[in-house]
Amino acid sequence: MNLIKQLLMSLALVLPVAAAAQSISQSQIEQFKSMPRAQQEALARQYGVDLDSIAGSAGQQSQRPQNVNVVEPVDAISDEERELVRQEQDNDKEQDRKNGGLKPFGYDLFVGSPTTFAPVTEIPIPNDYTLGPGDVLRVQLWGKENQQLELPISRDGTVSFPQSGPQTVAGLTFDQARQQIKNRVSEQYIGVQASVSLGELRSMRVFVLGEARNAGSYTVSSLSTMTNALYVSGGIKRTGSLRNIQHKRDGKLIGELDLYDLLLAGDTSDDNRLQPGDVIFIPPVGNRVGIDGEVYRPALYELKNNTNLQELVNLAGGLTPQAYPQLVRIERNNDDFLRIIAEANLTTQKGKQARVKPGDRIEVASISDITGQYVEVKGAATRPGRYAWVPGMRVSSVIRSLDSDLLQEADKRYAAIVRTDPETDTVSVINLRLRQALDNPIGENDILLQEKDQFLIFADEGKVSAKSQDRNDTMAERSASNKDTNNVSGTDNKEDNEMDYSRFSREALFAPVLQRLKAQAKPGAPQQTIQVTGPVRYPGEYPLPASGRVADAIYVAGGLKDSASLYTAELARFSVDEEGTGETNVQNLDLKSVMKGEASVTLQSRDRLLIKSIPEFAQARTIELDGEVRYPGEYTIRDGETLREVLQRAGGLTANAFPKGAIFTREKLRQLEAQRLREAEERLQSDLVGVQLEGNDFGGQNAERTEQVQELLEEVQDSKPLGRMVINLAAVVENRDYQPIRLQDGDTLTVPTIPQAVSVFGEVQFPTSHLHTEGLTVDDYLERSGGPTRQADEERVYVVKADGSVILPEKSRWFGGRSQQLAPGDTIIVPIDVDRLNQLELWSNVSQIVYQMALGAAAVGNL
């Protein structure tokens with residue numbers, strides 16, 4: 001009580017008309033709390049009052065609920081509710097799919113999920129609002145006395161006015177109560193005026209039932225209307241009606257709300273004010289029709305009473321400017337439950353008054369594309385599109401400049417005009433020498449245009465490739481110079497957005513034209529296409545030139561490459577013999593005479609023109625000589641040239657050359673070895689999986705085998721194919737009777753210097769190289785390397801000679817006791833004991849591949 005008394009003392013200073021301490025009211029506490037914070041702190045310091053204690057004591061009083069958010073976003077709901085929402089969305093999507101993508105109109109008006117039974121208070125208060133128990137009046141006095149009072153209306157309908165007793169206000173409108181209080185203050189307080197406003201409002205319980213998203217009872221403010229309650233309940237399901245929402249009181253229907261009036265016209269005249277116990281009932285949705293096409297709001301609409309076609313179009317927002325009102329398709333069910341199509345004309349009164357039926361689907365057609373009076377430019381032009389056509393137009397009227405009207409990558413030599421015959425609706429192609437047409441306006445090549453002509457401007461793939469290469473080089477330089485910075489990202493994005501010129505190629509732009517030419521072919525009017533292959537810039541299938549000249553066909557294909565032979569070409573022609581059987585005839589052409597016009601050859605339907613290449617044209621085959629050659633380098637070889645001849649051209653071998661250790665490699669052999677390595681790797685991986693699937697045995701041997709096979713697999717994967725071919729270079733140079741080695745493109749010859757070492761690799765304790773010493777045998781060198789390991793296969797030790805040949809123990813007479821002396825450059829290989837793994841013959845083969853190529857390569861590297 002001490003705290004309350006201190007509070008009373010503080011209130012007495014600012015409230016001269018306040019009651020005794022024992023009758024302190026909540027409104028007085030609220031008045032203190034409504035003071036500015038600085039004034040509260042000053043009074044608290046003066047009387048020793050703890051503001052937190054006052055807040056605590058105030059919390060013990062009965063307070064009205066604070067304003068809270070009525071609708072939470074969907075992401076604030078529980079996982080279970082979120083799952084229900086997801087299922088509902090999936091069902092809605094399935095329904096939309098069945099309805100051809102059309103969604104019901106208006107159901108997104110209420111979006112969210114209600115919290116609980118929280119009142120709605122943020123609503124303007126009208127003057128005719130009827131006061132009742134639970135409402136709070138705020139009275140501000142000013143003049144001779146300055147006070148701010150909060151007067152709650154008690155259950156008996158009165159408010160306790162300070163120093164003047166209770167006053168009945170329940171049942172009065174807010175305007176009436178305000179006038180009464182002003183009169184009372186002016187009568188009882190001299191020099192004091194009053195301002196009356198409504199504070200917190202009373203709450204009431206209403207019911208939202210039927211097809212509501214969250215049906216149930218809700219606590220709302222006394223000013224709530226039907227739409228407020230619908231908002232609190234989360235809106236209406238798609239199965240609920242938007243046009244017949246019922247307002248019931250005491251079991252009687254007192255009003256109906258059509259939300260279409262609110263959505264389409266903003267009409268809230270039927271949005272009735274609610275009273276305690278009212279029921280909002282949402283019945284199931286009524287009949288619906290769908291409207292699609294050229295209307296502003298394609299959707300499913302709920303019908304009410306009899307609706308005609310014009311009214312439905314108005315519901316959908318009206319027709320768009322692209323609509324064709326003379327054709328409205330109506331798809332509906334007939335009496336036999338079959339879908340039929342009817343048509344209506346919205347430009348006539350009969351069409352407007354046509355009744356729509358439940359389940360109809362109406363589609364408003366669009367205006368067709370531009371029907372004439374244009375020419376069109378497609379392809380690598382700076383301004384592609386349609387241009388107005390007038391009689392007398394020529395090519396130069398549309399393409400005025402090769403630089404400004406065409407892209408930089410465009411082919412400025414050739415273009416095509418696709419023309420449609422208005423009578424037969426067939427297409428033909430006119431080949432256009434574009435540069436000549438613009439250089440000589442109104443000349444022979446500046447063709448007169450007709451309505452609906454199409455220009456096809458092609459990309460020059462040579463320019464595109466050069467630009468791409470320049471861009472790649474620039475990006476590589478920029479990336480290298482900015483390797484440690486982040487300044488390249490913006491340019492990278494810019495380069496990534498480069499135009500795709502492949503869609504302007506001859507193949508891409510001619511594809512629909514060729515398809516049309518093939519489709520319109522018939523007896524007496526054969527397919528007007530030909531094929532040009534061989535060394536031309538753009539080989540492929542093309543429309544048959546109107547002139548039928550071979551030179552024009554080659555011009556369309558981009559012209560001849562420098563590798564084309566002018567001496568001969570081949571023309572294959574399909575024809576029908578006297579018996580009506582198809583046959584192909586081949587004719588050889590003197591291309592030089594044909595191009596000059598000296599030979600008369602006319603192309604026909606489906607002809608195939610083959611331009612032949614000059615044999616062995618610009619085929620530079622080379623061999624690389626390296627090491628101890630007098631003039632090493634990359635030599636161009638002639639057809640059939642031998643290694644001896646090239647070595648003679650290179651000046652022969654130097655005095656330090658070691659011919660026995662020469663390494664001769666061939667690209668084809670390298671490719672073959674690479675294929676063998678891939679096959680061995682695949683088979684090893686398969687066997688490794690099999691060993692792993694067997695699991696561990698009692699002694700752990702399977703785990704050891706798995707590890708060993710894994711190591712062997714890694715060695716196979718690390719091995720690099722060499723493509724080495726064993727040759728006797730000394731015999732090649734000195735013995736003219738030695739088998740000549742005919743060279744191939746990509747061959748290499750490396751001649752090392754005279755070696756002094758013998759290498760030991762494989763399963764030995766310390767794989768290394770040793771200085772060659774006369775008289776030492778294989779066993780001597782093995783002993784110097786620490787001897788074989790536990791996994792070594794001592795019975796299969798072999799020697800890789802300096803020339804690349806391999807000496808195996810079982811095939812060498814002198815090798816039986818491993819006492820043969822070695823020569824400089826030799827390599828001893830101690831393989832792994834593959835029989836210990838699982839007696840798999842495959843692993844033996846793989847081991848041989850690995851040690852012959854990988855370890856053999858290491859041996860060569862030590863020469």
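Predicted model: local features only at pLDDT ≥ 70, side-chain atom pairs only at ≥ 80, totals over all residues.

Reader: How many helices and strands does the protein chain have?

Author: Counted as such runs, the secondary structure of the protein chain contains both types of element. The totals are 24 helices and 37 strands.

Reader: What share of the residues in the protein chain is buried?

Author: Buried means under 20% relative accessible area. The protein chain has 863 residues, and the buried share of them is 40%.

Reader: Among contacts between residues at least 6 apart in sequence, what share joins residues at least 24 apart?

Author: The contacts considered are those in the protein chain between residues at least 6 apart in sequence. Of these, the share joining residues at least 24 apart is 64%.

Reader: Where does Phe337 lie, and is Phe337 buried or exposed?

Author: Phe337 sits in the loop between strand 15 (323-333) and strand 16 (339-344). Most residues other than glycine have a negative phi. Phe337 is not a glycine, yet its phi is positive, about 60°. Because its relative accessibility is 75%, Phe337 counts as exposed.

Reader: Which loop holds Arg606, and what is the relative accessible area of Arg606?

Author: Arg606 also has a positive phi, about 65°, although it is not a glycine. Its loop runs between helix 17 (591-596) and strand 27 (608-613). Arg606 is partly exposed, and its relative accessible area is 41%.

Reader: Which residues form the negative surface patch?

Author: Glu714 is partly exposed, with a relative accessible area of 39%. Patch residues need over 30% relative accessible area and no salt bridge. The negative patch consists of Glu707, Glu711, Glu714, Glu715 and Asp718.

Reader: How many salt bridges are there?

Author: Side chains of opposite charge can pair when their charged atoms come close. The cut-off applied is a side-chain nitrogen of Lys or Arg within 4 Å of a carboxyl oxygen of Asp or Glu. By this rule the number of salt bridges is 28.

Reader: How far apart in sequence are the parts tied together by Asp258 and Arg243?

Author: Asp258 and Arg243 form a salt bridge, with their closest N and O atoms 3.1 Å apart. Asp258 is in the loop between strand 11 (252-257) and helix 8 (259-265), and Arg243 is in the loop between helix 7 (226-232) and strand 10 (245-249), so the parts tied together are apart in sequence by 15 residues.

Reader: Are Asp258 and Arg243 buried or exposed, and which residues are linked in their network of salt bridges?

Author: Both Asp258 and Arg243 are buried. The residues linked in the network are Arg243, Asp258 and Lys304.

Reader: Which strands hold Lys612 and Glu570?

Author: Lys612 and Glu570 meet in a salt bridge, 4.0 Å from N to O. The two residues are 42 apart, in strand 27 for Lys612 and, for Glu570, strand 25 (residues 564-576).

Notes: Residues numbered from 1 in each chain as written. Heavy atoms only, no water. Helix = DSSP H or I, 4+ residues; strand = E, 2+ residues; numbered from the N terminus. Buried < 20%, exposed > 50% of the residue type's maximum accessible area, 1.4 Å probe, protein only. Contact = heavy atoms within 4.5 Å. Patch = residues over 30% accessible without salt bridge, like charges linked within 9 Å, V, L, I, M, F, W, Y side chains within 5 Å. Areas by Shrake-Rupley, 256 points an atom, 1.4 Å probe, with all protein chains shown as cover. Lys, Arg positive; Asp, Glu negative; His and termini not counted. Charge placed at Lys NZ, Arg CZ, Asp CG, Glu CD.
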